[in-house]
Amino acid sequence: MTKEVSICLHGHFYQPPRENPWIEEIEQQDSAAPFHDWNERIHYECYLPNSRARALDSKGKIVDIVNNFEHVSFNFGPTLLSWLDAKHPDTYKSIIRADQVSRELHHGHGNAIAQVYNHMILPLANLRDKRTQIRWGLEDFRYRFGRESESIWLPETAVNEDTLEALVAEKIKYIILSPYQARAVRPLDGGEWKEVTGGHIDPRRPYRCFLKNNPALFIDIFFYDGPISRAVGFDSLLFDAKLFTDRLQSAVVDNDEPQLIHLATDGETFGHHKPFGDRVLGYLTYVEIPKRGLRIVNYGEYLAEHPPKHEVRLIEGENGEGTAWSCAHGVSRWKDHCGCRGGGPANWTQHWRKPLRWALDWLRDELARVYEKEAAKYLKEPWDARDDYIRVILDRSEKAIREFFYKHGLRELSRPEVTSCLKLLEMQRYLMLMYTSCGWFFSEISGIETVQILQYAARAVELGEEVSGLKFEREFLDHLSLAKSNMELFKDGQGVYEKLVKPSRAGLHHIVSYYAICSIFEDYYAKSDVVSMYANNLHILHQRKEFFGTITMNFGRVRVVSRVTLEERDLVFVVIQIGFYDFRCSVMPYKDEVSFDALERDLFDALYQMPILDLSKKIDTCFGEAYYALKDLRLGDRVNIINRLTHETIEKVSNFYEHIYEENLRMNEIYRSIKVPIPVEFRYAAEHTLGKRLDEAVREWGSQGFPAKRTLPVYRVIDSAKALDIQVHKSPIAKYLSDELASLVRGFVAEPGAAAIERSLSILKLSRKIDVFLDKRVAQDDLFSLVRSWKSIVQAVPPVIREQENHFLQLMEELDLSTDRVRKMFGHAA
């Protein structure tokens, strides 16, 4: 007879750090289209919907909106949480709040656990990096969740004996591993060891693992259910909550011992890898599992209630390097050509992995010597300071930096000395970021993940050279040249570095050039004496802009201050725009007021007196021959500026297409009447013109307040498209109507009124008739929260809603919300 069955589902939510290390921003990633980058795409598909998952009834209507993180065990990568905090604070707060709720549900044990900071494979790290990675992960967790973490997620569950010792030293209670990492088990009170290799360990109980070098110390381990975890990640188990629960129950064995049925998988499975997996997870944890009398727990709670009665020994792996969950060859995937791969042609090899790791290890050790020598001039214990530097990473305010150096400085440091120290510490941060596991996971060294870690290496090199005066890049490139690419275009790691990494660089001169070029346009930046740009503050000390003929000259002085290193530069810039598209920007250090004033007079005199070629030569004489052009801006700024520059030309082209459409409308109708395809030239003109007119008609309708009886102009455009069998581009109006709907419903929730209901219904009706897909999630969230706030008490319903009862119920139906509870409440009141 089964005594007790508990369920625990763990999601490992993680994305690698993607920020360009020179600007501390994620640049546009075309492979993530239509989103700006992969973080944005996966947030939309996974993190956001899991923070407000929809539980549906048999009719497909929403009966509940739940926070999945309240009912599953989870970890988030610290660098991902940092990004969410900055870019999507509502989602971030939902995750933090879910842990708080879970502590109330599970006797003080929260669902969240920490993660090793930037997903470094710990068995391959040196002991110093192991310690810092663990400490940074734990401190990041404390900062965000306001408590100690009982556990920490090991990247790729990679573990060896040294890693266990490092974890125990930091007071980690338990870890989660793959069943294939266990070697043998026996009862805690002794007995024969039983071999369990090949995933044959019983995952229904926790185990205790004693350290080899100090058997008095131990860490507890949960081995997740391998078959169920694989079925969630790679089969169709996540398509049906009832089948999912059946599978969980099938893992129960008939005995009188407590049993934990648990799984671990990538959190992105729930919505990104498996669309709508968030909904299945929500229904599973809030409805199906409780309905069957099963208890949901988290690992900390279960461990407190059921301490291990068995001990375990782990597979040591080759040379004691340990094992991982995503490599059948120990941890070779992150250091060698082992056969584990991700994508690419079948003939591609991964022999590049070993020399890449060698190159990074060489760089780490060379710059460690620089760090020890230079940091010893300013810091009491340089490596202790590095361990504590996470506090500055989390809070880069002047107060936090001052407190850090008060604690770790040998003495009160000058501003330049603080900058030197921060550069050394940032160098160490990048030396760890360059070991992010994804850099080795896939098949080709020129992939975006490997380019990313090489960017971090390049930034570390740059900082190391700045603070030491030594040169490291040439020898580093020699090491990289041994890492052979599968693509002739790159040849090797040096080719990847030269072609894909170097163009990402952006020093303070670059940053000032971005401002100089963009500020030619009057409204590009808000009027202010200080402009925040990437990770820098630009103090605009002087600026003058004048036009002559087809030339615009923009001249100024800027004090740029890095918010990361506090480095300051006083720089002078001049940019000339020749015609529309030709920009030429030069930057140099500010000398003194007399020189600056003289330079300004000379340049503007030259603008009015010299031919353009001579003007350019004069600028070169003053600033040097190096200059920045439009192509040197970051991609986002390039796109914004080229859109501004080409706006009038595009408008002319658009008008030309409209003329073609109008002029040949009768001919198009003839083609359709005799059932002959419209020529592609005419079709393109029609698609463009009708798409533009539809957008104009919808926005004009919106400016009138979305009146239900004034939609005829919209329908006329749609009818014209149907008559010509033209597919009109509707994405812009879909976003416009979705945003307007969200705004109306949010306003209605704040202050209920009949007009907001009518306008919302008009939008929903129109979008349905013209076949425009609306993103209703924000509107659904807000209206559902309003209904839930009534707590089924009819007196809590605002009078205006009772007066508009039918329309309100219709709005709920149109938003795919179940009306059963509200109808029952209204009916009961009647």
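Helix α17 (residues 473-480) holds both Asp 478 and Arg 474, which sit four residues apart, about one turn of the helix. In this predicted model, the two side chains form a salt bridge, with their closest N and O atoms 3.2 Å apart. Both partners are partly exposed: Asp 478 has a relative accessibility of 40%, and Arg 474 has a relative accessible area of 46%.

Other pairs reach across the sequence. Glu 27 forms a salt bridge with Arg 634, the closest N and O atoms lying 3.0 Å apart. Because Glu 27 belongs to the loop between β1 (4-13) and α1 (38-51), and Arg 634 to the loop between α21 (612-623) and α22 (635-663), this pair ties together parts that are 607 residues apart in sequence. Arg 634 counts as buried, at 7% relative accessibility, whereas Glu 27 counts as partly exposed, at 22%.

A further contact joins the side chains of Arg 205 and Glu 257, a salt bridge of 3.4 Å from N to O. Here, too, distant parts of the chain are linked: Arg 205 lies in the loop between β9 (194-195) and β10 (207-210), and Glu 257 in the loop between α7 (241-250) and β12 (258-266), 52 residues apart. Arg 205 is partly exposed at 21% relative accessibility, and Glu 257 is partly exposed with a relative accessible area of 37%.

For the model, the count comes to 72 salt bridges.

Notes
Residues are numbered from 1 along each chain as its sequence is written. This is a predicted model: local features need pLDDT of at least 70, side-chain atom pairs count only at pLDDT 80 or more; totals for chains, interfaces and linings use all residues. Side-chain values use heavy atoms; hydrogens and water are left out. A salt bridge is a side-chain nitrogen of Lys or Arg within 4 Å of a carboxyl oxygen of Asp or Glu. Helices (H or I, at least four residues) and strands (E, at least two) are DSSP runs, numbered from the N terminus. Buried means under 20% relative accessible area, exposed over 50%, partly exposed in between (1.4 Å probe, protein chains only).
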